Amino acid sequence: MASSMTDRYLENNKQYATGQALHKPTHPGKQPIQPSKRVAVLACMDARLDVEDLLGLQTGDAHIIRNAGGVVSDDAIRCLIISHHLLNTNEIILIHHTRCGMLAFTDDLLKAGLEGDPAAEKLLGQATGRAFTSCKTSSATPLAFHAFRGQIERLDAPRDAKNMERLTWDVRRGMSSILNHPWIPTSGADAVTVRGFIYDVDTGKLEEVAHPGPMGSIG
Ligand SMILES: [Zn+2]
């Protein structure tokens with residue numbers, strides 16, 4: 001079933017992609033603490049995503065949760081539970097994007113590089129175009145970096161069928177993680193809806209990811 005605010009923001013996004021500015025940057029005055037449009041957005045931290053602008057959000061409309069990849073991490077789940085149960089949001093919008101840096105490494109590769117493996121340092125340097133400088137030490141945290149599943153590619157590679165598939169897989173994994181969390185209700189009077197998208201940083205357009213569907217292979 002379509003969620004009304006999400007659909008409205010998708011219409012805003014079409015206008016954003018054609019050059020129209022809908023987000024008002026000025027302070028709106030006193031507002032309630034609950035997001036007025038009852039929306040929570042989880043998006044990648046990428047510098048090219050301006051979430052307020054690309055959805056046409058106004059101040060006070062929505063919670064915006066961001067991390068590397070727009071990954072449904074423990075902390076993202078913590079935020080979504082607080083957002084819904086304490087602050088009354090009931091639509092979740094998950095946003096990944098083309099050219100995401102999370103396509104350019106694996107968790108094992110980054111950890112090995114940080115710990116001082118010369119081969120990993122070299123590969124990370126090649127992938128990013130930045131001299132990777134190892135810390136040559138180990139750490140128990142973070143437990144995971146949540147790089148996307150599949151064969152890595154160079155940083156900022158243009159959109160193609162393979163990296164779109166990898167992005168689609170991860171959006172679905174994220175949606176599945178949210179929809180199956182025991183503290184996020186998805187049926188009954190208190191239900192939350194979850195919809196997932198890939199934002200094309202070259203065009204400014206959001207594209208919806210169907211769910212359920214394949215979530216990736218190790219091949
Ligand atoms: Zn990203």
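**Strand β4 is largely enclosed by the rest of the structure, because seven of its eight residues are buried.** Buried stands for a relative accessible area under 20%, exposed for over 50%, and partly exposed for anything in between, using a 1.4 Å probe on protein chains only. Please keep in mind that this model is predicted: local features need pLDDT of at least 70, side-chain atom pairs count only at pLDDT 80 or more, and totals for chains, interfaces and linings use all residues. Residues are numbered from 1 along each chain as its sequence is written, and side-chain values use heavy atoms, leaving out hydrogens and water. Strand β4 covers residues 193–200 and runs parallel to β3, joined to it by seven bridges. Strands here are DSSP runs of E with at least two residues, helices are runs of H or I with at least four, and both are numbered from the N terminus.

**The open sheet has five strands, in the order β2-β1-β3-β4-β5, with mixed pairing.** From one strand to the next, the twist averages 25°. Two strands count as paired if DSSP finds at least two bridges between them. β1 and β3 are parallel, with five bridges; V41 has I93 as its bridge partner in β3. β4 and β5 also share five bridges, in the antiparallel sense, and F197 has E208 as its partner in β5. These two strands make a hairpin with four residues between them, where G204 in the turn shows a positive phi of about 85°.

**Strand β3 (residues 91–97) is buried at seven of its seven residues.** Which residues lie on each face of β3? E91, I93, I95 and H97 are on one side, with I92, L94 and H96 on the other, and both faces are covered. Helix α3 (residues 74–85) lies across β1, β2 and β3, at about 175° to β2. Helix α6 (residues 161–179) lies across β3, β4 and β5, at about 160° to β4. Such angles run from 0 to 180 degrees between N-to-C directions, with axes fitted as lines to C-alpha atoms, for helices over the stretch in contact.

**The largest nonpolar core holds 51 residues.** A core of this kind is a set of buried Ala, Val, Leu, Ile, Met, Phe, Trp, Tyr and Cys residues joined through side-chain atoms within 4.5 Å. V41, L49, L55, I95, I178 and L206 have the most contacts inside the core. Strand β1 (residues 39–44) gives the most to this core, six residues in total. Zoom in on L49 and, leaving aside residues up to four places away in sequence, you will find A43, C44, L54, R66, I95, H97, Y199 and V201 in touch with it. Contact here means heavy atoms within 4.5 Å.

**The zinc ion has C44 (SG), H97 (NE2) and C100 (SG) as its protein donors, 2.0 to 2.2 Å away.** Donors are N, O and S atoms within 2.8 Å of the metal (3.2 Å for Na, K and Ca), and since water is not among the atoms, sites may look incomplete. Along the chain, the donors follow the spacing C-x52-H-x2-C. Are H97 and C100 buried or exposed? H97 is buried, with a relative accessible area of 1%, and C100 is buried too, at 3%.

**Helices α4 and α5 pack at an angle of about 115°, with their axes 7 Å apart.** Their crossing is left-handed, a label used if the near helix is turned anticlockwise from the far one by less than a right angle, whereas clockwise would be right-handed. In α4 (residues 107–115), the buried residues are D107, L109, L110, A112 and G113, and the buried residues of this helix pack against α5 (118–128). L109, L110, A112 and G113 of α4 meet A120, E121, L123 and L124 of α5. After α4 comes G116, with a positive phi near 115°.

**Q20 sits in the loop between α1 (4–17) and β1.** Q20 is partly exposed, with a relative accessible area of 38%. From Q20 to A140 there are 120 residues in sequence and 46 Å in space, C-alpha to C-alpha.
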